[in-house]
Amino acid sequence: METYKLDMKTPIGVIEIVGTETVIQSILFVEREEAQSPESGIPNVLRQCKEELAAYFHGDRMTFTFPTEQTGTTFQHDVWKALQTIPYAETASYRELAERVERPAAVRAVGATNGRNKLSIVVPCHRVIGSNGKLTGYAGGLWRKEWLLHHEKQVAHQTQ
């Protein structure tokens with residue numbers, strides 16, 4: 001099945017959206033100054049993803065409705081599903097996530113799976129922090145993780 005790419009400029013850098021005619025497979029930050037992909041011939045699901053992410057960055061969206069797909073083991077899928085249970089603007093530790101997937105001794109494996117998440121923001125790995133409450137590892141860079149958490153807290157505070 002053919003894959004398509006669509007770049008999106010955000011307040012914290014360019015995101016590359018990758019998907020097929022029917023699902024989004026990857027949403028990752030890329031180190032480019034400008035969005036590079038053309039928008040003609042792009043499937044609607046990629047356009048929908050871009051629109052929903054734009055609304056998220058604007059503070060108008062907390063959840064996403066477009067279809068996604070990641071390739072991984074049963075354990076990885078369990079972790080990615082558990083990530084999606086962390087409420088908007090809140091955080092959980094790697095240890096708490098390991099407990100949610102009923103593998104309390106698998107803290108390191110949870111961390112590794114978190115790092116393999118290809119659906120940034122939508123599968124909110126930025127909401128996972130160390131047991132000591134400190135920010136740890138984020139494929140997009142810790143400064144982006146900090147920005148995303150701060151953004152969500154601001155939006156949540158404004159909507160209360």
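Buried denotes under 20% relative accessible area, exposed over 50%, and partly exposed the range in between (1.4 Å probe, protein chains only). The model is predicted, so that local features require pLDDT of at least 70 and side-chain atom pairs count only at pLDDT 80 or more, whereas totals for chains, interfaces and linings use all residues. Residues are numbered from 1 along each chain as its sequence is written, and side-chain values rest on heavy atoms, with hydrogens and water left out.

**View A. Helix α2 lines one face with its buried residues.** Helix α2 spans residues 74–83; helices (H or I, at least four residues) and strands (E, at least two) are DSSP runs numbered from the N terminus. The buried residues of this helix are Phe 75, Gln 76, Val 79, Trp 80, Ala 82 and Leu 83. Viewed down the axis of α2, these buried residues lie within an arc of 160° and therefore line one face of the helix; the arc is taken over the directions from the helix axis to the C-beta atoms. An α-helix has 3.6 residues a turn, so residues three or four places apart point the same way. Thr 74 and Lys 81 are exposed on the other side of α2. Packed against the buried residues of α2 are α3 (94–100), α4 (107–115) and β5 (128–129), where contact means heavy atoms within 4.5 Å.

**View B. Helix α4 also has its buried residues on one face.** Val 110, Thr 113 and Asn 114 are the buried residues in α4. Because these residues fall within an arc of 105° when seen down the axis of α4, they line one face of the helix. Arg 108 and Gly 115, on the other side of α4, are exposed. The cover over the buried residues of α4 includes α2, α3 and β5.

**View C. Thr 113 of helix α4 is in contact with Phe 75, Gln 76, Val 79 and Trp 80.** Its relative accessible area is 2%, and Thr 113 is therefore buried. The contacts of Thr 113 leave aside neighbours within four places in sequence. Phe 75, Gln 76, Val 79 and Trp 80 are among the buried residues of α2, and α4 is one of the elements against which the buried residues of α2 pack.

View D. Not counting residues up to four places away in sequence, Ile 24 touches Ile 17, Val 18, Gly 19, Val 45, Leu 46, Cys 49, Phe 66, Pro 67, Thr 68, Glu 69 and Leu 119. One of these, Phe 66, stands 42 residues from Ile 24 in sequence, while the two residues are 7.5 Å apart in space, C-alpha to C-alpha.

**View E. Glu 52 of helix α1 is a buried residue.** Helix α1 runs over residues 44–58 and holds Glu 52. A relative accessible area of 5% places Glu 52 among buried residues. With neighbours within four places in sequence left aside, Glu 52 is in contact with Arg 61, Thr 63, Phe 64, Thr 65 and Phe 66. Phe 66 is also one of the residues touched by Ile 24.

View F. A disulfide is a pair of cysteine sulfur atoms within 2.5 Å. Cys 49 takes part in no disulfide, and the nearest cysteine sulfur, that of Cys 125, is 14 Å away. Likewise, Cys 125 is in no disulfide; the nearest cysteine sulfur to it is that of Cys 49, 14 Å away. Cys 49 is buried, with a relative accessible area of 0%, and Cys 125 is buried, with a relative accessible area of 5%. Cys 49 is among the residues that Ile 24 touches.

**View G. Ala 89 has a positive phi, as does Ile 121.** Most residues other than glycine have a negative phi. Ala 89, although not a glycine, has a positive phi of about 70°. Ala 89 belongs to the loop between α2 and β4 (92–93), and its 13% relative accessibility means that Ala 89 counts as buried. For Ile 121, likewise a residue other than glycine, phi is positive and near 70°. Ile 121 is located in the loop between α4 and β5; this residue is buried, with a relative accessible area of 2%.
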